[in-house]
Amino acid sequence: MKKIGAALYIEFSELIQIGIYSSTIIKGVQRKLDIWQSIKDPEDKRKSLIKYDTLKPIYKELIKEKLCNKQNPYKYYSIQKKAKLTTLLESLITIDLTHKDFFRSTGYYKGIEVD
């Protein structure tokens with residue numbers, strides 16, 4: 001699942017994962033049917049992305065139920081992205097306690113307590 005601009009796209013592999021036959025997706029894309037609007041993944045040109053908003057309601061419901069824990073897919077995507085960013089930031093931010101005394105003695109961070 002990816003958001004490009006304001007549109008949400010579902011990966012081909014995710015559609016198969018929820019039970020849609022690959023032949024259904026391939027034929028729909030090849031025939032350029034409105035419900036199977038697709039683009040190449042900008043990050044990996046080998047992958048196809050299908051526009052969520054153009055899918056039939058039954059497929060949207062499958063995505064909501066099986067991929068998004070019964071949440072709105074746009075909201076689910078935002079929550080997942082925020083969780084990934086939080087994890088990334090937490091892995092980048094480390095507190096080096098060995099320098100605690102240095103900061104206390106220099107007063108470099110006045111007004112900020114370093115325990």
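The charged end of K60 sits over the ring of Y52, 5.6 Å from the ring centre. To count as sitting over a ring, NZ of Lys or CZ of Arg has to be within 6 Å of the ring centre and within 35 degrees of the ring normal. Keep in mind that this is a predicted model, where local features need pLDDT of at least 70, side-chain atom pairs count only at pLDDT 80 or more, and totals for chains, interfaces and linings use all residues. Residues are numbered from 1 along each chain as its sequence is written, and side-chain values use heavy atoms, with hydrogens and water left out.

**Rings**

Two rings of Phe, Tyr or Trp (the six-membered ring of Trp) make a pair if their centres lie within 6.5 Å; planes under 30 degrees apart are called stacked, over 60 edge-to-face, and the rest tilted. By this rule there are 2 aromatic pairs. One of them is tilted: W36 and Y59, with 5.2 Å from centre to centre and 45° between the planes. It links distant parts of the chain, since W36 is in the loop between α2 (22-30) and β3, while Y59 is in helix α3 (residues 57-66), 23 residues apart. Both W36 and Y59 are buried; that word means under 20% relative accessible area, with exposed being over 50% and partly exposed in between (1.4 Å probe, protein chains only).

Y52 and Y74 pair up edge-to-face, 6.2 Å centre to centre and with 80° between the planes. This is another link between distant parts of the chain: Y52 belongs to the loop between β4 and α3, Y74 to helix α4 (residues 73-92), and they are 22 residues apart. Y52 counts as buried at 9% relative accessibility, whereas Y74 is partly exposed at 23%.

**Salt bridges**

Now for the charges. A salt bridge here is a side-chain nitrogen of Lys or Arg within 4 Å of a carboxyl oxygen of Asp or Glu, and the structure holds 3 of them.

| Salt bridge | N to O distance |
|---|---|
| K2 and D41 | 2.6 Å |
| E43 and K2 | 3.2 Å |
| R46 and D44 | 2.9 Å |

K2 lies in strand β1 (residues 2-4) and D41 in the loop between β3 (38-40) and β4 (48-51), so their bridge ties together parts that are 39 residues apart in sequence. K2 is buried at 16% relative accessibility, and D41 is buried at 0%. What links K2, D41 and E43? A network of salt bridges does. E43 is exposed, with a relative accessible area of 71%.

**The whole chain**

Stepping back, the protein chain has 5 helices and 4 strands, in the order β-β-α-α-β-β-α-α-α from the N terminus on. Helices (H or I, at least four residues) and strands (E, at least two) are DSSP runs, numbered from the N terminus. The chain has 115 residues, of which 24% count as buried. Among its contacts (heavy atoms within 4.5 Å) between residues at least 6 apart in sequence, 45% join residues at least 24 apart. The chain exposes about 8,700 Å², and carbon and sulfur atoms supply 55% of that. Accessible areas come from the Shrake-Rupley method with a 1.4 Å probe; for residues, only the protein chains shown count as cover.
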